[in-house]
Amino acid sequence: MEQKFISNEKVKALTKKLIPDYEIFYPRRQEESWDWARMEADSEFTFEGHRTVLPLKYFFYSPQENLVEKKKDKPRIIFGARGCDTKGLSLLKKIYLEDPEDPHFRKDILVFSADCTTYHPDCFCTVLGDQPWATENFDLNFSIVENGYLVSVGSDAGAKFLKDHGGFFESARSEQEKSMSSHRTSFEEELKKFNGNKVLDLKDLESKIEKHSDVFKEYGKTCVSCSSCTNVCSSCFCFFLSEGDENKIRYMDSCQLKSYARVAGGANPREDLIERFKHRFTCKFVYRPQMQGFGGCTGCGRCTAGCQGKIDFQEVLIKVAEAK
Amino acid sequence: MDPYKTINCKVIKIIEETSLIKTFILEPEKKFSFATGQFIQLTMPKIGESPFTPSSSQFAKGPFEVTIMKAGRVTEKLHELKANDTVGIRGPLGTSYPLSEFEGKEVLLLGGGVGMAPLRSLLLTLLYEKDKYNKITLLYGAKNPADIVYRDQFESWKKRGAEICRTVDAADKDWKEKEGVVTCLFDDYSVNPKNGVAVVCGPPIMMKFGTFKLLELGYAPESIYLSMEKNMSCGIGKCGHCGVGKYFACKDGPVFKYSLIKDIEGIWE
Ligand SMILES: Cc1cc2nc3c(=O)[nH]c(=O)nc-3n(C[C@H](O)[C@H](O)[C@H](O)COP(=O)(O)OP(=O)(O)OC[C@H]3O[C@@H](n4cnc5c(N)ncnc54)[C@H](O)[C@@H]3O)c2cc1C
Ligand code: SF4
Ligand code: SF4
Ligand code: FES
């Protein structure tokens, strides 16, 4: 599809125009990290940077919510989602929206993603063979070019948005398209280099995880079952359904907690800490690809960044994947 | 349709089966039906929700039954219910026993303890169309005579054409049937694994040794059907809790062919 250009000034004007009709969030810079903030008329924002501390998924469902029909909030636009987060939505949508559809998972969200221009030291999308820009589950994508952005369309909703707000956009010039490609290539190279130019072959991971379970013993021993890794993950989806006074309540839950799989009578298939630690990898790299067709890890590195036991999940994965 | 919404059911009658097990006859406010082997999530308002398999025939119209063992937080509250109270249900959920695969075969039901609940539903469903099956047998074990559920019903099932053998782990002076764990019933019963299927439901340890015994007797892993009991929360394949290897027991099960799950680590735990 044809790409568009929008200038820096026009982006500002566009967001001002959108604020009354949408709830807009953007990545706000906090020294070296980014967190999600609500866009106000005077918000200073940029599409530069890398993933936020918290994942994109919590815009689609809340970590804790009453499962009642909600009065319709304004539709949402999320600016500046990164490739690892949009990729994570594939599994989440498969789980939540298919057979039967979960009516509490929001479908009225426009995702305006942006190419990464920096990386967090724990980022490893390229190690999984993915790119540091959005390739799926975005409506519009913004790539920084001189004086503005090159805008690509990712969905019908994105195309409609462009049409409805046509006055803000102009046709892209071929040198802008070239500039976007070269930015992408050079940043991808930079991140690959940072990650030792590794691209893992995840084909035989099922048997390797079993065969090299000592790796999980070695790395899992500092795990304290805090569930940070699952809470911040771009694609972990587990929850616990509980009873409120009037309705059901959904809380996010974690396979890293001891009680997660316990059944009445006390039997527990994953009583053991190391079994739980290993299970997280098997789920992400074996079970979900086999059953849902989408992996459960996109290399955002949040689990490593948030780990209370200082476990480097990327290192664990590499150890297992590269073992013979 | 919100899959988290419950259908209200009135508790019509409560039958005390044993000191720990009660059968509840429930009348749904709306039309509700299930296929035998499927389960429901039963909501105790403001307390919680637990999965149970209806224990009545899938062909029975109107009210249906669930048989519940007191085992913890939610089931304790369920046991305090009185006639005319209201509970909520979601469902039917999950897979059912594939009756068409049983046709023309000898169907063997192997059950222990409260695992008899889904098997009773299956048994009654099979007996309703019993000419479709070559033979219907129930092998049932309980800890002791006082722990036997549906105690007044076995005779009528026999009359309707089921062959039934029972055992208890520890007999008392009035017990005239077999004594020993459930697999000892195979000592006196000759199976037909070549043209038979077996359905197993009960406590994990019983499922394990029951399945191994059936394999030893010559049943193919494809002819053994298990009802897997896992921790469940959503019941609709979203919350992740019920994993059996790559499968979700609530959606890909609870009824599994043994051949599908035999290589998965820890299925008996
Ligand atoms: C498909 C299926 C069919 C079944 N059919 C039957 C049947 O026909 N008859 C029968 O008697 N039993 C049946 N069971 C077993 C029955 O579901 C359990 O005995 C019941 O769920 C026990 O619930 P409880 O709250 O009383 O026990 P508890 O031991 O209190 O809870 C059981 C588990 O539920 C979770 N849980 C409960 N409450 C909470 C909470 N507040 N916070 C966090 N976790 C919580 C925990 O993980 C806990 O380990 C079936 C189970 C399954 C999976
Ligand atoms: S993991 Fe890749 S896509 Fe995600 S923030 Fe880091 S560089 Fe960007
Ligand atoms: S497993 Fe870790 S690196 Fe992979 S998506 Fe989840 S949080 Fe990110
Ligand atoms: S009970 Fe939630 S996925 Fe099975």
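A salt bridge here is a side-chain nitrogen of Lys or Arg within 4 Å of a carboxyl oxygen of Asp or Glu. Start with one: select A:Asp102 and A:Arg250, whose closest N and O atoms are 2.6 Å apart.

Before moving on, note that this is a predicted model, in which local features need pLDDT of at least 70, side-chain atom pairs count only at pLDDT 80 or more, and totals for chains, interfaces and linings use all residues. Residues are numbered from 1 along each chain as its sequence is written, chains are lettered from A and ligands numbered from 1 in the order in which they are written, and side-chain values use heavy atoms, with hydrogens and water left out.

**Stop 1: the two domains of chain A**

Colour chain A by domain: domain 1 is 4-194 and domain 2 is 202-322. These bounds come from an automatic or database domain assignment. The C-alpha centres of the two domains of chain A lie 27 Å apart.

Domain 1 and domain 2 of chain A bury about 2,900 Å² between them, with 61% of it on carbon and sulfur atoms. Buried area is the accessible area (1.4 Å probe) that two parts lose on being put together, summed over both. Select A:Leu91, A:Phe124 and A:Leu128 in domain 1 of chain A. These three lose the most area to domain 2 of chain A, together 22% of what that side buries.

Now the polar side of this interface. The count between the two domains of chain A is three salt bridges. The rule also finds 19 residue pairs in polar contact there, both residues at pLDDT 80 or more. A polar contact is a pair of N or O atoms within 3.5 Å; within protein, one must be able to donate a hydrogen and the other to accept it, and residues adjacent in sequence count only if both atoms are side-chain atoms.

Helices (H or I, at least four residues) and strands (E, at least two) are DSSP runs, numbered from the N terminus. Ala, Val, Leu, Ile, Met, Phe, Trp, Tyr, Cys and Pro count as nonpolar, Asp, Glu, Lys and Arg as charged, and the others, Gly among them, as polar.

**Stop 2**

Select A:Arg76 and A:Glu23. Their side chains meet in a salt bridge, 2.8 Å from N to O. A:Arg76 lies in strand β5 (residues 76-81) of chain A and A:Glu23 in strand β2 (residues 23-30) of chain A, so the pair ties together parts that are 53 residues apart in sequence.

**Stop 2: ligand 2**

Centre on ligand 2. Around it are residues including A:Cys84, A:Cys116, A:Cys123, A:Cys125 and A:Cys300; a residue is near a molecule if one of its heavy atoms lies within 4 Å of it. A:His50, A:Arg51 and A:Pro132 are also among the residues around ligand 2. The shell divides into seven nonpolar, three polar and one charged.

**Stop 3: where chain B meets chain A**

Show both chains. Here 34 residues of chain B are in contact with 39 residues of chain A. The area buried between the chains is about 2,700 Å², of which carbon and sulfur atoms give 55%. Select B:Tyr4, B:Lys238 and B:Lys246: in chain B they lose the most area to chain A, together 26% of what that side buries.

Two salt bridges cross this interface. Pick B:Glu49 and A:Lys248, with the closest N and O atoms 3.1 Å apart.

**Stop 4: ligand 1**

Which chains surround ligand 1? Residues from chains A and B do, so the site is shared between chains. In total, 25 residues surround ligand 1, and B:Met69, B:Thr75 and B:Asn231 are among the closest. An oxygen atom of ligand 1 is 2.6 Å from a polar backbone atom of B:Pro51. A backbone N or O atom of B:Thr67 lies 2.8 Å from a nitrogen atom of ligand 1.

**Stop 5: the two domains of chain B**

Finish on chain B, divided into domain 1 (7-93) and domain 2 (99-227). The two domains of chain B bury about 1,300 Å² between them. Select B:Arg120 and B:Glu65, whose side chains meet in a salt bridge (2.9 Å, N to O).

Methods: Contact means heavy atoms within 4.5 Å.
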